[in-house]
Amino acid sequence: ELFTAAFRVTDKNPLGSGAGYGSAFPLDREMTTRLLGFRTLHHNSVYAQMSRGKTEKTVAMALASLGGTLARLCTDICLYLGQNFGFISFPAELTTGSSIMPHKKNPDLFELVRAKSNRLQALPNELTLVQANLPSGYHRDLQLTKEILFPAIGDLKDCLNILLHALPSIEVRPDILKDERYRYLFSVEAVNALVQQGVPFREAYRTVGQQIEAGTFEWDASKGLHHTHTGSIGNPGTEAIRKEMHAVLERD
């Protein structure tokens, strides 16, 4: 949605604004807008010139937002690859060996994508500082916005291509819940089950807590979760929504 908004902001023809105050020539700005494929034009020539830098920062905000998402995803991957979790793994060709420890499989690929994505999050601030003390009108300082923004777009596309190549190879460990550390993972489900039977929440909470302290708590995880609200775990509608979103992304 941010990229769509940024596109609408930038999809305007600035030609004909001159140095910022229009031109005395009888320009057909609607024609140049049509020939160049813009949706519309900057009708106000002052606005056209004053949008320089601001337009780039709008795009940078979208880049930074997606960069934040990718960085967090990569952090989760690096965390859950570690031996303290071991939730997921990747084929050897997508990891690297340690310089001294032969048993390690390092997630260098995801660490580098994380670093690139974190740099993307600095873009809006970098563009802000370039134009922080500029008066109205055009100034050559604004030329530097290109060398900030254009490489960043390339970096983001590279990061997306890398993840699109790597993520289909993710392997999720199937027996995670057999680990003793997750014995009480479904304690909330047990509390909620009592509440749905008419037990007051406070009493249900106390009952399950006492079972845990006494070492008698049991929950059959094999029966799975079957919630009904949209987006919940085990709701068949959630899978339908996921497929719909995937179809939208493929179309766009």
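Tyr80, Phe85, Phe87 and Tyr182 make up one aromatic cluster. This is a predicted model, and 8 aromatic pairs are found in the structure.

Next, the nonpolar cores. The largest of them contains 27 residues, and Leu63, Phe90, Phe110, Leu123 and Leu163 have the most contacts inside it. At least two residues of this core come from each of helix H4 (54–81), helix H5 (108–120), helix H6 (123–130) and helix H7 (144–166). H4 gives the largest share, 8 residues. Take leucine 163: leaving aside residues up to four places away in sequence, leucine 163 touches Leu70, Leu73, Cys74, Phe110, Val113 and Pro168. Another core, of 5 residues, lies apart from the largest one, and includes Ala190, Val191, Ala204 and Phe217.

Now the charged pairs. There are 5 salt bridges in the structure. One of them joins lysine 146 to glutamate 56, with 3.8 Å between the closest N and O atoms. That pair links distant parts of the chain, since lysine 146 sits in helix H7 and glutamate 56 in helix H4, 90 residues apart. Are the two partners buried or exposed? Glutamate 56 has a relative accessibility of 12%, so glutamate 56 counts as buried. Lysine 146 is at 29%, and therefore counts as partly exposed.

Arginine 173 and aspartate 175 form a salt bridge through their side chains, at 3.0 Å from N to O. Arginine 173 is partly exposed at 28% relative accessibility, and aspartate 175 is partly exposed at 34%. Arginine 181 and aspartate 179 also meet in a salt bridge, at 3.1 Å from N to O. Here aspartate 179 is partly exposed, with a relative accessible area of 23%.

Note on methods:
Residues are numbered from 1 along each chain as its sequence is written. This is a predicted model: local features need pLDDT of at least 70, side-chain atom pairs count only at pLDDT 80 or more; totals for chains, interfaces and linings use all residues. Side-chain values use heavy atoms; hydrogens and water are left out. Rings of Phe, Tyr and Trp (its six-membered ring) pair if their centres lie within 6.5 Å; planes under 30 degrees apart count as stacked, over 60 as edge-to-face and the rest as tilted. A nonpolar core is a set of buried Ala, Val, Leu, Ile, Met, Phe, Trp, Tyr and Cys residues joined through side-chain atoms within 4.5 Å. Buried means under 20% relative accessible area, exposed over 50%, partly exposed in between (1.4 Å probe, protein chains only). Helices (H or I, at least four residues) and strands (E, at least two) are DSSP runs, numbered from the N terminus. Contact means heavy atoms within 4.5 Å. A salt bridge is a side-chain nitrogen of Lys or Arg within 4 Å of a carboxyl oxygen of Asp or Glu.
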